Amino acid sequence: MKNVNASISELPPYVPSALNDETSSVASFTDVLQLACNENPRGPSPAVLHALRSAQGTLNRYPDSDGIRLKTQLAERLGVSTHQITLGSGSSGVLDLITRVALSPNSETIVDEYCFTLYPILIRTAHGRVVSVPAKNWKIDFSALLDAVTEKTRLIFITNPGNPLGTCVEKAELITFLDALPKRVWLVMDEAYMEYVQTPNFPNSIQICQAYPNVILTRTFSKVYGLASLRVGYGIASDSMTEMLNRVRPPFNVNSLALVAAEVALQDSQYVAECIELNETGRVYLYREFERMGLEYLCSQTNFITLDCGREAASINQDLKKQGVVVRTLANYNLPNHLRVTIGLPEENERFVVALQHALLR
């Protein structure tokens, strides 16, 4: 095509986990078990569903473009100012704003080799150059990140806990890294899965964000709160960066139902605790089953687990699909033997294990 951004024309599209024709032809839609997208299997809380029904009568009105009620709740809970919060269409919407504000032609953004696949798309869309550094023992190599910093570096993206590996950055290594990082470089910490973390060494990123003005946090209501389809997330940054983000933020970028749902979900702490407990139970069960089958896996701090099938996973994945079970292959991360599976409800986890055992015998 002519007259298009050259970096976009060269960019491979983001490939979501979807039910393809082969899967649908074998199992009816209602029988398909979706364990590829790291969703909360319980969905939104009953309180959220009730609030959404009540809000349907206002759909002819534009939403509050500032989302002031949600921002006020977040500010009170997190101990930050509303002037430090930016709302987005999912945390990916905030990440998009960050790249548009920070990047320009010939600027660079550093990512690790197992970064979320959306990052390179956003970086190159904003005319930036992607610099990828190798991981170390399945985790971010902060020494390699520092070595990759140049005068052109504007941003560094890290996901904590990581996706697709589920591993976690700990407080001490993060502080050491930030103390060495030039203050002109923005560190973007994507914490989409932070509610699931169980390790006591997980950094208090809010405190870190307040102590290091070049840190930007992003979080989402898509995971533990069960609001993936409503697309609402938020960023936390310095007042000056937040002002810049809001200059490029489209008006009404979070719809009214999403705002209502997020406001109610944030208050329903009991439901969130139940979802986290359910996830922990499922994680322990899957670990045990993988060990029984002789499969290696990565210890996860998220609502998914990455496992090593011991051989190329493509055929195993196809067999799972034929049984109506959809998981995520990781060949695009140069991990051809690995699959990523979302932790589901107990009966879903059991169905997956049975299907996996069948696939491994092929």
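1. The protein has 14 helices and 13 strands, counted as DSSP runs from the N terminus (helices H or I, at least four residues; strands E, at least two). Its radius of gyration is 21 Å, close to the 21 Å from the globule rule for 362 residues, so the protein is as compact as a globular protein of that length. That radius is taken over C-alpha atoms, and the rule is 2.2 Å times the number of residues to the power 0.38.

2. A word on the ground rules: this is a predicted model, where local features need pLDDT of at least 70 and side-chain atom pairs count only at pLDDT 80 or more, while totals for chains, interfaces and linings use all residues. Residues are numbered from 1 along each chain as its sequence is written, and side-chain values use heavy atoms, with hydrogens and water left out.

3. Of the 362 residues, 54% are buried (under 20% relative accessible area, 1.4 Å probe, protein chains only).

4. Now the inside. The largest nonpolar core has 57 residues, and Ile156, Leu187, Phe221 and Leu227 have the most contacts within it. Such a core is a set of buried Ala, Val, Leu, Ile, Met, Phe, Trp, Tyr and Cys residues joined through side-chain atoms within 4.5 Å. Helix H11 (residues 256-267) gives the most to this core, with six residues.

5. Have a look at Phe221: beyond its neighbours within four places in sequence, its contacts (heavy atoms within 4.5 Å) include Leu70, Leu74, Tyr234, Ala262 and Leu266. Another core, of 24 residues, lies apart from the largest one, with Ile305, Ala313, Ile316 and Leu356 among its members.

Conventions: Buried means under 20% relative accessible area, exposed over 50%, partly exposed in between (1.4 Å probe, protein chains only).
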